[in-house]
Amino acid sequence: MTDHLPTAFRALWHELPLLATTGALICTASAVVLLLSPGLSPPSVLLAAFAIAPVWAAAIATTDAVVREDRGGVVLLLKNLRKHAPAGLEVGVVPAVVIALALLNWQLYSGPLFALPLAVSGCASVLLLLASCYAFSLRVTSGLRGKTLWFTALHLVAHAPLVPLGVLALVFVALFLGTSVTASLLLLAPGPVALFASAGTWTEKHALHR
């Protein structure tokens, strides 16, 4: 099995400028979302998809290149931002719409009649959130699209659920520490999260095709 994790660990040092720039871009996009639509609501989730997903796609395309080809850098990140922003929006809007629907169902819930749509949209949200940890790499680096993209991402979730669970755990820990200890951790976290998401995706994808 091709294990990309050692490359990801080494890149934590020699790709520091890339990771710092990634953090700055993601935090700037997140700040715009918080400024325009604070709190967790359907509009804020949709706005996050439009503001953050294009930047995240560029970050993932660059960290994919780091773990697969040992090349990265800030210049490549900026080139990928221009090249992959539409693809990032294409991936990010799918889970965002489903999560927004789940939140809307939650807000409208007023009895057992609303339980079924709430349960369906809630389960779909969790699955698509997990699948999106793989989907960005599959879209920007493998070029998959549409049903093929999401079926492959869901297949990877079923094959290796620990990768997306680990990525989301890193995000939640960074958010917790960033809001309770020091906000500077929010700036440092996105780069390493993207790096390990790429390493996990390509390690498991190669294992799946052995």
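The model is predicted, and local features require pLDDT of at least 70, side-chain atom pairs count only at pLDDT 80 or more, and totals for chains, interfaces and linings use all residues. Residues are numbered from 1 along each chain as its sequence is written, and side-chain values use heavy atoms, with hydrogens and water left out.

**Figure 1. Overview of the helical protein.** The secondary structure comprises nine helices and zero strands, where helices (H or I, at least four residues) and strands (E, at least two) are DSSP runs numbered from the N terminus. Along the sequence the pattern reads α-α-α-α-α-α-α-α-α. The C-alpha trace spans about 55 × 40 × 30 Å along its principal axes. The radius of gyration of the protein is 17 Å, which agrees with the value near 17 Å for a compact globule of 210 residues; this radius is taken over C-alpha atoms, and the globule rule is 2.2 Å times the number of residues to the power 0.38. Of the 210 residues, 45% count as buried (buried, under 20% relative accessible area; exposed, over 50%; partly exposed, in between; 1.4 Å probe, protein chains only). The protein exposes about 10800 Å², of which carbon and sulfur atoms supply 74%; accessible areas come from the Shrake-Rupley method with a 1.4 Å probe, and for residues only the protein chains shown count as cover. Among contacts (heavy atoms within 4.5 Å) with a separation of 6 or more, 72% join residues 24 or more positions apart.

**Figure 2. Packing of helices α1 and α2.** Two packed helices are described by the angle between their axes and the distance between the axes. For α1 and α2 (residues 16–36), the angle is about 85 degrees and the axes lie 5 Å apart. Axes are lines fitted to C-alpha atoms, for helices over the stretch in contact, and angles run from 0 to 180 degrees between N-to-C directions. The two helices α1 and α2 are therefore roughly perpendicular to each other (under 35 degrees, roughly parallel; over 145, roughly antiparallel; 65 to 115, roughly perpendicular; the rest, oblique). Ala 11, Leu 12, Trp 13 and His 14 of α1 make the contact with Leu 16, Pro 17 and Leu 19 of α2. By class, this contact of α1 with α2 has six nonpolar, one polar and no charged residues (Ala, Val, Leu, Ile, Met, Phe, Trp, Tyr, Cys and Pro count as nonpolar; Asp, Glu, Lys and Arg as charged; the others, Gly among them, as polar).

**Figure 3. Packing of helices α5 and α7.** Helix α5 (residues 115–140) packs against helix α7 (residues 162–180) at about 95 degrees, with axes 9 Å apart. This angle makes α5 roughly perpendicular to α7. From α5, Leu 129, Leu 130, Cys 133 and Tyr 134 meet Val 163, Pro 164, Leu 165, Val 167 and Leu 168 in α7. The contact of α5 with α7 has nine nonpolar, no polar and no charged residues.

**Figure 4. Surroundings of His 4.** His 4 lies in the segment before α1 (5–14). With 6% relative accessibility, His 4 counts as buried. Neighbours within four places in sequence aside, His 4 is in contact with Val 67, Arg 68, Ala 199, Trp 202, Thr 203 and His 206.

**Figure 5. Surroundings of Ser 121.** Helix α5 contains Ser 121, which counts as buried at 9% relative accessibility. Not counting residues up to four places away in sequence, Ser 121 touches Val 98, Leu 101, Ala 102 and Asn 105.

**Figure 6. Leu 116 in helix α5.** Leu 116 lies in helix α5 and is exposed, with a relative accessible area of 62%. The C-alpha atoms of Leu 116 and Ser 137, 21 residues apart along the chain, are separated by 33 Å.
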